[in-house]
Amino acid sequence: MSEVNSDTNPSPTHNKNIRTKLKILALHGYRQNGTLFSGKIGSFRKTVSKYAQLVFISAPHKVFTDDGAGDEDVRSWWFNAEDNTYSGKCLGGPAIGFEVTLRLIEDVVKEYGPFDGLMGFSQGACLVGLLAAMQQKGYLPYTFKFAIFASGFRSGSLVHKGFYDEDIDLPSLHVYGESDSIIPKEMSESLINLFTKPIVAEHSGGHYVACSGSIKDAYLDFLHDRYEDIIESEKLQKKD
């Protein structure tokens with residue numbers, strides 16, 4: 001099992017009677033891990049804490065430097081080059097280790113879920129997009145109700161191409177930087193176009209999880225609406 005950390009201790013299951021916050025699984029970018037990611041997005045965590053409990057996990061694949069050394073415990077959800085590296089701009093490559101990642105997330109959902117939503121940054125956001133597409137097709141053994149993307153994009157791996165052939169009917173918030181050179185905004189827009197009713201928030205910065213001004217408001221408005229939707233849905237289920 002991957003290292004799991006949370007803003008509060010993640011409980012194995014929802015308390016059926018007391019719903020206080022949305023539970024969100026947060027997926028880091030390439031060459032990060034759950035702890036590093038949690039530390040880098042402190043302002044985001046503080047902003048959404050009113051509505052959300054974030055649970056962070058680390059990807060299963062260790063990233064090594066050219067000399068074979070791992071200077072930090074930095075990780076990848078999969079590799080799209082034969083030398084076990086990854087680039088979001090790579091088109092037509094493999095998806096080495098992707099099945100291992102799918103099993104890891106399934107195990108995390110079993111132990112710490114269910115999760116109301118998924119949030120991802122960069123490669124993690126690409127992964128959230130793939131999971132949303134797989135859920136749309138009925139391929140996942142679990143479900144989630146919304147997705148938040150920071151610097152998201154479509155995977156260029158050949159084995160993922162077929163996941164993107166239909167619209168995704170899932171509430172989604174997409175945040176990206178106008179001057180992002182790692183994942184240019186055109187790549188984020190390509191992912192956004194898959195969703196039927198996406199909410200989009202663009203900022204002037206680069207490749208990071210922005211959380212100030214109108215972007216902060218976008219997170220809060222989106223999560224408020226999701227919270228209201230889910231509370232209402234659970235009330236109706238109890239009446240039934």
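Let me start with Arg226, which lies over the face of Phe222, at 4.7 Å from the centre of the ring. Please keep in mind that what you see above is a predicted model.

From charges over rings, let me turn to rings beside rings. How many aromatic pairs does the structure hold? There are 10 aromatic pairs, and I will go through two of them. In the pair of Phe37 and Phe121, the ring centres are 6.2 Å apart and the planes meet at 15 degrees, and because planes under 30 degrees apart count as stacked, this pair is stacked. Phe37 belongs to helix α1, residues 34-40, whereas Phe121 belongs to strand β6, residues 117-121, so the pair ties together parts that are 84 residues apart in sequence. Are these two residues buried or exposed? Both Phe37 and Phe121 are buried.

The other pair is Tyr139 with Phe163, whose ring centres lie 6.2 Å apart, but whose planes are at 65 degrees, so this pair is edge-to-face. Tyr139 sits in the loop between α4 (123-136) and β7 (146-150), while Phe163 sits in the loop between β7 and β8 (172-177), and therefore the pair ties together parts that are 24 residues apart in sequence. Phe163 has a relative accessible area of 14%, and because anything under 20% counts as buried, Phe163 is buried.

Finally, I would like you to find a group of rings in the model: Tyr30, Trp78, Tyr86 and Phe98 together form one aromatic cluster.

Definitions and conventions:
Residues are numbered from 1 along each chain as its sequence is written. This is a predicted model: local features need pLDDT of at least 70, side-chain atom pairs count only at pLDDT 80 or more; totals for chains, interfaces and linings use all residues. Side-chain values use heavy atoms; hydrogens and water are left out. Rings of Phe, Tyr and Trp (its six-membered ring) pair if their centres lie within 6.5 Å; planes under 30 degrees apart count as stacked, over 60 as edge-to-face and the rest as tilted. Helices (H or I, at least four residues) and strands (E, at least two) are DSSP runs, numbered from the N terminus. Buried means under 20% relative accessible area, exposed over 50%, partly exposed in between (1.4 Å probe, protein chains only). A charge sits over a ring if NZ of Lys or CZ of Arg is within 6 Å of the ring centre and within 35 degrees of the ring normal.
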